[in-house]
Amino acid sequence: MTRDDDAGATPGILRYTAFSDDPEGGNPAGVVLDASGLDDTAQLAVAAELGYSETAFLTAPPEGLGEAGRAFTVRYFSPLAEVPFCGHATVAASVALAERIGAGDLLFATQAGPVPVTVREQDGALHATLTSVEPQVTRVADEDVAEALAALDWPASDLDPGLPPRIAYAGARHLVLAAATRDRLARLDYDFERLAALMRRLDLTTLQLVWRESESVFHVRDPFPVGGVVEDPATGAAAAAFGAYARTLGVVTAPVTLTLHQGHDLGRPGVLTVGLRDGDPRSHVGGTATAIPA
């Protein structure tokens, strides 16, 4: 593995931000393009040292997976634990790879299943679009919704009745809660330990908090206490899950592209697109990524 230009950097770590072309926007991720020398403990230690919501660690793919040199096994670690799938770190890793081996198609073996990614140059920047695994959307018990609202300190009257709570999955599980107003979404100050306990019990990666601006434009926020992070600035896995939610509940009709604005309330604005296609239940999550200067 190579060393970053920063003399104090951990060997092999690249730093990218996903879903923004501005290093000060989007969601930072660590990327290790060759993690073959790192065991689980070392990968977790690297992620914890870096402190980003996730770091992606790439190794050789399973035999027979994808085109040689363009297929990889990837694992994702938050500062506290491994997660089965991470969208923003996938986008970051894909753009980092494309800068080195060229744009085109990539294939990642994740714990959730194979995730294809296409990287194209668009308006002078590299744009990556991942295809999620098969999604699922399930009901959530009323008492679990009540506990989530209590941890958030949200009264039930602040929810949008047109977007009912659900647990959505497209590689990782997320509880979708819709705010009735943009102001409600903007005021996020929650009980970290209480929400983390609920999320561990329900096997949730984040809460996907949303506010609908228009038919296909949403603003979203993602508390991530189970990862040791108060809030994820731009969340590709949750965006994929939300695409499945929107389709399943008839919020939108495919074909359609959703635009999700995230990170503005944190001062790290980013934009995620979620493509929903006829005859394909999967979500196609796209965005840019750019290197963070050392």
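On a 1 Å grid over the protein atoms alone, a cavity is a set of points where a 1.4 Å probe fits but cannot get out. A pocket is an open set with protein on both sides within 12 Å along at least five of seven lines. Lining residues have an atom within 4 Å of a point. A volume is the space filled by probe spheres set on the points, which are joined across faces, edges and corners.

This is a predicted model, where local features need pLDDT of at least 70, side-chain atom pairs count only at pLDDT 80 or more, and totals for chains, interfaces and linings use all residues. Residues are numbered from 1 along each chain as its sequence is written, and side-chain values use heavy atoms, without hydrogens or water.

**Spaces**

The whole structure holds two cavities of 30 Å³ or more.

| Space | Volume | Nonpolar / polar / charged lining residues |
|---|---|---|
| Largest cavity | about 60 Å³ | four / seven / two |

Ala, Val, Leu, Ile, Met, Phe, Trp, Tyr, Cys and Pro count as nonpolar, Asp, Glu, Lys and Arg as charged, and the others, Gly among them, as polar.

The largest cavity has 13 lining residues. Closest to its centre are Glu-54, Cys-86, Asp-232, Thr-235 and Ala-237. Helix H2 (87–101) and helix H6 (236–248) each give at least two residues to this lining. Helices (H or I, at least four residues) and strands (E, at least two) are DSSP runs, numbered from the N terminus.

Lining the second largest cavity are residues including Arg-182, His-219, His-261 and Asp-265. Strand E13 provides the largest share of that lining, three residues.

The largest pocket is lined by 15 residues. Glu-82, Asp-203, Leu-204, Thr-205 and Val-226 lie closest to its centre. Strand E5 (82–83) and helix H5 each supply at least two of the lining residues.

**A helix pair**

H5 (residues 192–202) also packs against helix H3 (residues 142–152). Their axes are 8 Å apart, at an angle of about 155°. H3 is therefore roughly antiparallel to H5 (an angle over 145 degrees, on a scale from 0 to 180 between N-to-C directions). Axes are lines fitted to C-alpha atoms, for helices over the stretch in contact. Contact means heavy atoms within 4.5 Å. Among the contact residues are Asp-144 and Glu-147 of H3, and Arg-194 and Arg-201 of H5. The contact residues divide into seven nonpolar, no polar and four charged.

How values were computed. Parallel < 35°, antiparallel > 145°, perpendicular 65-115°, else oblique.
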